[in-house]
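Visitor: Hi! Could you walk me through this one?
Guide: Happy to, let's have a look together.

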Amino acid sequence: MTAVQERESNRARGATWRFPLVLFFAVGSVLWVINMVRYSSSTPLVESPALERPVVGGWLFLDSVWYVQIAERGYDDATVKDFHDGNESAVAFFPSYPLTVRGVAAVTRMDAAYAALLTTALSGLATVLLFWRWCSNKVPPRTARLATAMLVLYPYAWFLFGTAYGDAFFLMMVLLAFSFAERRHYLLAGLAGAVASAGRPVGFALIFALLLLVFEREGVLGRTSERTDSGSGDDARRPGRRRWYFDRSRLRPAQFLVGISAAGIASWCVFLYLRTGDPLAFFTVQSAPGWEQGAGPSTWLKFRFFEFAAERSSHAAFLACQAVAVAVFLAFLPRLARRLGVAYTAYTALIIAVPLVGSADFQGLGRYLLAAFPILLVAAEWLVDRPVLRNLTLVSGGGILALFTWLFARGFYLT
């Protein structure tokens, strides 16, 4: 490669990365201004350590308090006592994000809350860049730009920019794991997957999906067409029914290195058993008063959502928004199966199904759907040549995102 060609290549790469970088910082700047203006102009609805941080306090509501507490104190004796007393407890929150926040706080000498905001913002930036690269390897640049814009303007995407929640960190590690697996760096994929599976209960979906992705790429798992004989002549043998196959002869020990991803959630369960006597304490504590998310028909059938709706509570509107988001994502699942194969379909289906079954009223589903990122790619492919729907999606998504950021900055429980 000549010097001129090398300069042109470097310029092209710079132009390629410019779009997601500019998009992230542009949207992030607007959301930070909205958050700070709203927080400083009114009294928050809920008590929070945010009250002590007038500049960034609008990002530190609700579950942020739990994550900051874990970063500061770990899973201490008071946390264990709360669990044994049947109360809400920090054992409900997986450790990889708050422990990373603790590390960032130690390195930067920041307060844990500020370190959490920095960790989330950097994770969000990495997420957008990784998603951009993942899309660019699968679709033309125009579609990749649309998919990335849909991620950044998703109505609940403020969790990528500054909250003390673990969503951005989890999604970053998931994208890293898939990216490594697609490049056949199976050990690195397993290590990234282990951090992800120690970050959220649905991390087990990534473990399963990584194995499927490796099997697909190595030809162990796939589908083949059977041909049927319908007579004579050149057109006699026509494509018939497609069937699955599993070729054991193609299995290699290195392929199972992605299974290291199970170490994250396994280690967490061992820790919980040693500290509380219950390896599934994160699940058990969901039935505590205040959360009341225990498994059973009332949770599965969303009785609490219908109770809010019958009372005409304003909270029902926020829950309905999340229910609609779930319906839209599920509608694109068949297209995802045809487009990206079994691994990404299985991952996405589990990412949606597990919190959907576990939530008593759709609460939380809005932000959990951020992790169902493959849907955004196939949705972008469908929208890219439909300008009216495409523009409506981006404008309405950005508008709702701005509104929700405004409301969250006052302490509204949106998701």
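Visitor: What share of the chain's residues count as buried?
Guide: Of the 415 residues, 50% count as buried, where buried means under 20% relative accessible area, exposed over 50%, and partly exposed in between, with a 1.4 Å probe and protein chains only. This is a predicted model, where local features need pLDDT of at least 70 and side-chain atom pairs count only at pLDDT 80 or more, while totals for chains, interfaces and linings use all residues. Residues are numbered from 1 along each chain as its sequence is written, and side-chain values use heavy atoms, leaving out hydrogens and water.

Visitor: How many helices and strands are there?
Guide: The chain has 19 helices and 2 strands. These are DSSP runs numbered from the N terminus: helices are H or I with at least four residues, strands E with at least two.

Visitor: Tell me about H9. How far apart are its end C-alpha atoms?
Guide: They are 21 Å apart, and that agrees with the 21 Å its 15 residues (203-217) should span at 1.5 Å a residue. The expected span is 1.5 Å times one less than the number of residues. Residues buried in H9 include Gly203, Leu206, Leu210 and Phe215. Just after H9, Gly219 takes a positive phi of about 80 degrees.

Visitor: And Val202, where is that?
Guide: Val202 sits in the loop between helix H8 (186-197) and H9.

Visitor: Is Val202 buried or exposed?
Guide: Val202 counts as buried, because its relative accessibility is 7%. Not counting residues up to four places away in sequence, Val202 touches Phe170, Ile351, Val354 and Pro355; contact means heavy atoms within 4.5 Å. Val202 and Ala371 are 169 residues apart in sequence, yet their C-alpha atoms are 9.7 Å apart in space.

Visitor: What about contacts across the chain: what percentage join residues at least 24 apart?
Guide: That is 72%, among contacts between residues at least 6 apart in sequence.

Visitor: New topic: Thr415. Where is it?
Guide: Thr415 is in the segment after helix H19 (387-408). Thr415 is buried, with a relative accessible area of 5%.

Visitor: Which side chain does Thr415's side chain make a polar contact with?
Guide: The partner is the side chain of Gln322, at 2.8 Å. A polar contact is a pair of N or O atoms within 3.5 Å; within protein, one must be able to donate a hydrogen and the other to accept it, and residues adjacent in sequence count only if both atoms are side-chain atoms. A polar atom of the Thr415 side chain also lies 3.2 Å from the backbone nitrogen of Arg367.

Visitor: How much space lies in the second largest pocket?
Guide: About 600 Å³. A pocket is found on a 1 Å grid over the protein atoms alone, as an open set of points with protein on both sides within 12 Å along at least five of seven lines; lining residues have an atom within 4 Å of a point. Grid points are joined across faces, edges and corners, and the volume is the space filled by probe spheres set on the points.

Visitor: What lines that pocket?
Guide: Its lining has 25 residues, with Tyr154, Pro155, Val328, Phe329 and Thr393 nearest the centre of the second largest pocket. H19 gives the most to this lining, with 8 residues.

Notes:
1 Å grid on protein atoms, 1.4 Å probe; cavity = no way out; pocket = protein on both sides within 12 Å on 5 of 7 lines; lining within 4 Å.
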